[in-house]
Amino acid sequence: MKRSHVMQAIGFKTEEYAYAPPVPTMSERSLRIIDHLRIVARRSRSAARVDLEQACALLLADPADAKMRHAETLMRGFRQAVSNRPVFYRPGTTDLSFDEAWLGRLFDAVEQNDDDSFRFLIQSRIPRWNQRNLAFLIRSISEQFHQF
């Protein structure tokens, strides 16, 4: 008994069944940090990129005005740490880019003392030579937001 294979068209969902992808959930605190980083990123757009290792060494040597300097160093050096050009939306936007959601998950991991998740997230995306510096900046920014 032979079966004939008949091609069938694939149906598309109608608009009433279409849905948006789920918005990543993260703490309100992490969302505030991301919004702050968006502001810093907009201000730093025309600034020269920095070498993360040298910039972190300077931050350790002179911790004055750390909140702004750590965030600025992260935003100016982030592209060096990731393979693709990072995307940051305008401050106040409710949607999150992949980069913003990834950073938010890092801030949440710091807040929850979840070192395994923190390490996994850093190692999954950042080259080994930049992991320590990026981790330092994320932890520093997270700590500084506890002071407000």
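This is a predicted model: local features need pLDDT of at least 70, side-chain atom pairs count only at pLDDT 80 or more; totals for chains, interfaces and linings use all residues.

Trainee: Which helices does the protein have, and how many strands?

Mentor: Six helices and zero strands. Along the sequence the pattern reads α-α-α-α-α-α.

Trainee: Why is helix 4 called roughly perpendicular to helix 6?

Mentor: Helix 4 covers residues 98–111 and helix 6 covers residues 128–144. They pack at about 65°, with axes 10 Å apart. Angles of 65 to 115 degrees count as roughly perpendicular. So helix 4 is roughly perpendicular to helix 6. The crossing is right-handed.

Trainee: Which residues meet there?

Mentor: From helix 4, Trp102, Leu103, Leu106, Phe107 and Val110. From helix 6, Leu134, Ile138, Arg139, Ile141 and Ser142. By class, the contact of helix 4 with helix 6 holds eight nonpolar residues, one polar and one charged.

Trainee: What makes helix 4 largely enclosed by the rest of the structure?

Mentor: Eleven of its 14 residues are buried, so helix 4 is largely enclosed. Among them are Trp102, Leu103, Leu106, Phe107 and Val110. Asp99, Glu100 and Asp108 are buried too.

Trainee: How do you know that the span of helix 4 agrees with its 14 residues?

Mentor: At 1.5 Å a residue, helix 4 should span 20 Å. Its end C-alpha atoms are 20 Å apart, so the two agree.

Trainee: Why is helix 1 called roughly perpendicular to helix 6?

Mentor: Helix 1 takes in residues 28–43. Its axis and that of helix 6 come within 11 Å and cross at roughly 110°. The range for roughly perpendicular is 65 to 115 degrees. Helix 1 therefore counts as roughly perpendicular to helix 6. This crossing is right-handed. Arg29, Ile33 and Leu37 of helix 1 contact Ile141, Ser142 and Glu143 of helix 6. By class, that contact has three nonpolar, one polar and two charged residues.

**Two single residues**

Trainee: Why does Thr73 count as buried?

Mentor: Thr73 sits in helix 3, residues 66–81. The cut-off for buried is under 20%. Thr73 has 11% relative accessibility, so it counts as buried. Neighbours within four places in sequence aside, Thr73 contacts Val50, Leu52, Ala55, Leu59 and Leu137.

Trainee: Where is Asn113, and what is its phi?

Mentor: Asn113 follows helix 4. Asn113 lies in the loop between helix 4 and helix 5, which is 115–125. Its phi is positive, about 55°, although Asn113 is not a glycine. Most residues other than glycine have a negative phi.

Trainee: Is Asn113 buried or exposed?

Mentor: Exposed means over 50%. Asn113 has 65% relative accessibility, so it counts as exposed.

**The whole chain**

Trainee: How many residues are there, and what share is buried?

Mentor: There are 148 residues, and 38% count as buried. Of the contacts with a separation of 6 or more, 73% join residues 24 or more positions apart.

Conventions: Residues are numbered from 1 along each chain as its sequence is written. Side-chain values use heavy atoms; hydrogens and water are left out. Axes are lines fitted to C-alpha atoms, for helices over the stretch in contact, and angles run from 0 to 180 degrees between N-to-C directions. Helices (H or I, at least four residues) and strands (E, at least two) are DSSP runs, numbered from the N terminus. Angles under 35 degrees count as roughly parallel, over 145 as roughly antiparallel, 65 to 115 as roughly perpendicular and the rest as oblique. A crossing is left-handed if the near helix is turned anticlockwise from the far one by less than a right angle, and right-handed if clockwise. Contact means heavy atoms within 4.5 Å. Ala, Val, Leu, Ile, Met, Phe, Trp, Tyr, Cys and Pro count as nonpolar, Asp, Glu, Lys and Arg as charged, and the others, Gly among them, as polar. Buried means under 20% relative accessible area, exposed over 50%, partly exposed in between (1.4 Å probe, protein chains only). The expected span of a helix is 1.5 Å times one less than its number of residues.
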